[in-house]
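Me: Hi! Could you walk me through this structure while I look at it?

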Amino acid sequence: MASHSDTLVVFFGATAGANGGKLGSDEREIILLVWQIVDLHEKKVGKLHRCLVKPDTLELTDECKEETGLDLDDFLQAEPLDKILQQFQQTVLSELKALGRTSYTLCINSPLIIRQALHPEASKKNLVLPECFFSFVDLRKEFHKCCPNAGPVQKLSLPSMLECILLFNHCILYICFPLFLLDHNISCFETVKYKFESGTCSKTEPVDSETVIRARGLPWQSSDQDIARFFKGLNIAKGGVALCLNAQGRRNGEALVRFINPEHRDLALERHKHHMGSRYIEVYKATGEEFLKIAGGTSNEVAQFLSKENQVIIRMRGLPFTATPQDVLAFLGPESPVTDATEGLLFVKYPDGRPTGDAFVLFSCEEYAQNALKKHKQILGKRYIELFRSTAAEVQQVLNRYMSTPLISTLPPPPIVNTRDCVRLRGLPYTAAIEDILEFMGEHTIDIKPHGVHMVLNQQGRPSGDAFIQMKSSDKAFMVAQKCHKKTMKDRYVEVFQCSTEEMSIVLMGGTLNRSGLSPPPCKLPCLSPPTAYAAFPAPAAVLSEAALYQPPLLATPRPPQPTTHSPAHTLAYYPPQPHLYMNMNMNYTAYYPSPPVSPSTVSYFPHPAAAASPMLPQHGALVRMQGLPYNTGVKDILSFFQGYQILSCALNDQAVTGLHVL
């Protein structure tokens, strides 16, 4: 009887989107399958089968229409994918029976149709693929083995391969190559793993960075099997899924995945922003070092616990500290027998031996694990217990973290000083300036800390109607809130509330403060490089170090007033601006909405007695921020605009900032 390599089934497919080298990268469904049997022994070919596949979403890209010559009307009578796969099996088996054969080898000209289109789509639609789609021959790799001088495998195309064997008749495309390979032993069989294999990874194991990716945006309840299903068609290394945890030991929606070779890693990167359910998953390159940091372990106890293969791992969280193995077994019950009884339990402990309330449990089959998960949030002792699916990598990660240092400090937290020495003004007119606020404060103005007036801006950089004022003490803030609450400013009443410096800082950094409490800022923006324009401002007495320019913002801590020669009684009314303090903000001021870190100048409102004798105020300068400039504005235009003022420097970015002396 002829061997299976004497009978090939050449196979081709196309999707409703990108095809060729990008086939499957846009997550479009299969719309066309073509196959034909080739009898290498008799040098004959069977009937060419060309079947249209009706997708769930009937929409074709222009690229697809051009390459396939198909239109939407062609799919009115088409069958869905599961029906076409049944037809494929029936026709192939029927023709094999007529040839007296019982087996065959699937032959394709690119693995993309199998790995990036057929397997992912079948996985999403819960279809069971015929066994032939788990083992196939890549025509390009076989050809490269026969003709190594033909060029790289990735760049081989059907015309270029035809040219190498001096055949130019494209009509016999799928016949000539198998016949050409008749005299060569087929050895490059590609395989697709049926299921993901869990396992352990040692920290000393070498991991090639070209095989690792980082997946981001995963549902928090995802397991390693869910991630393997997302990458269905690509072969993940044994134990190659490591779910990442945050500082509290909870999953953060990221995972590191290790594939068997760089080729599969590159195909995984093509699934960037493909969907897992309703969520799209981001896929990026990662390193072997990152994978080992998450999945690697050195504990013999963990290695022994995970030595049993093909086990389902469940994580239990919130166990009473006094819980024993017998208590856990009784909680799970006889319908969820643990593998090897107490040997299938692993309690997580701190380095000093104290229990953390976490444990991992092994089950021999999916049915037992499902029964255990039904006990999620049931009571053990006086505590409800959380149960989740887990992975070998998560076991390693949790044990590594707890054994190196407790996730939650066992020391009493330091006392939090939360002095309510600030007031919040709400409902200010949008035209209100610092002078209006000082007039509104009246006699209480002398109790304001230097640089203590903060206007809150919205996302467009305009006044939001709110402001915060730092007072000298909690008593002063209380008095202001009592005396000024609902006073009128420009025909509007203004609400005044006492608050803490912490609450003020959170709002100034982009958070919100309402009756429901504090909400943190929506995001953290990266630290920006300081604009070069600020370098032109003279330093006030001392040169700032580079570290000082990039220190984190401490809005809750009042800045000390600048030393002046004035009497102390009048320094309270003057808020000298400091240009370099704009660089202390750890965010993009023009794109976000906290207020400027210092109060604008109020010199014109409270003139100093010495001002009458001095032609110029003794200050280093003031910052002016200009918005709404024409796009073609140049430095000369700004200098002309400020004609009559002494300008220290001028810088143009997406905003314009100038330094000038006020005359």
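Predicted model: local features only at pLDDT ≥ 70, side-chain atom pairs only at ≥ 80, totals over all residues.

Me: How are the rings of Phe-88 and Phe-133 placed, and what kind of pair is that?

Reply: A search of the whole structure finds 8 aromatic pairs. In the one made by Phe-88 and Phe-133, the ring centres are 5.3 Å apart and the planes meet at 35°, so the pair counts as tilted.

Me: Where do Phe-88 and Phe-133 sit in the chain?

Reply: Phe-88 belongs to helix H2 (residues 81-99), while Phe-133 is in the loop between helix H3 (112-124) and strand S6 (135-138), so their pairing ties together parts 45 residues apart in sequence.

Me: Are Phe-88 and Phe-133 buried or exposed?

Reply: Both of them are buried. Another aromatic pair is Phe-230 with Phe-231, and this one is edge-to-face, with 4.8 Å from centre to centre and 85° between the planes. Phe-230 and Phe-231 are buried too.

Me: Switching topic: how many helices and strands does the chain have?

Reply: There are 19 helices and 29 strands. Of the 663 residues in the chain, 47% are buried.

Me: What order do the strands take in the open sheet of 5 strands?

Reply: The order is S10-S11-S9-S13-S12, with antiparallel pairing. Strand S10 (236-245) and strand S12 (274-276) are at the edges with a single partner strand each, so one side of each has no neighbour in the sheet. From one strand to the next, the twist averages 35°.

Me: And what joins S9 to S13?

Reply: Strand S9 (residues 212-216) and strand S13 (residues 279-285) run antiparallel and are joined by 4 bridges. To find the spot, look for Ala-215, which stands opposite Val-283 in S13.

Me: Which strands does helix H9 touch?

Reply: Helix H9 (residues 288-295) packs on the sheet and touches S9, S10 and strand S11 (251-259). The direction of H9 makes about 70° with that of S10.

Me: Last one: what share of the contacts join residues at least 24 apart?

Reply: Among contacts between residues at least 6 apart in sequence, that share is 71%.

How values were computed. Residues numbered from 1 in each chain as written. Heavy atoms only, no water. Helix = DSSP H or I, 4+ residues; strand = E, 2+ residues; numbered from the N terminus. Buried < 20%, exposed > 50% of the residue type's maximum accessible area, 1.4 Å probe, protein only. Contact = heavy atoms within 4.5 Å. Pairing = 2+ DSSP bridges. Axes fitted to C-alpha atoms, helices over the stretch in contact; angles between N-to-C directions. Phe/Tyr/Trp six-rings, centres within 6.5 Å; stacked < 30°, edge-to-face > 60°.
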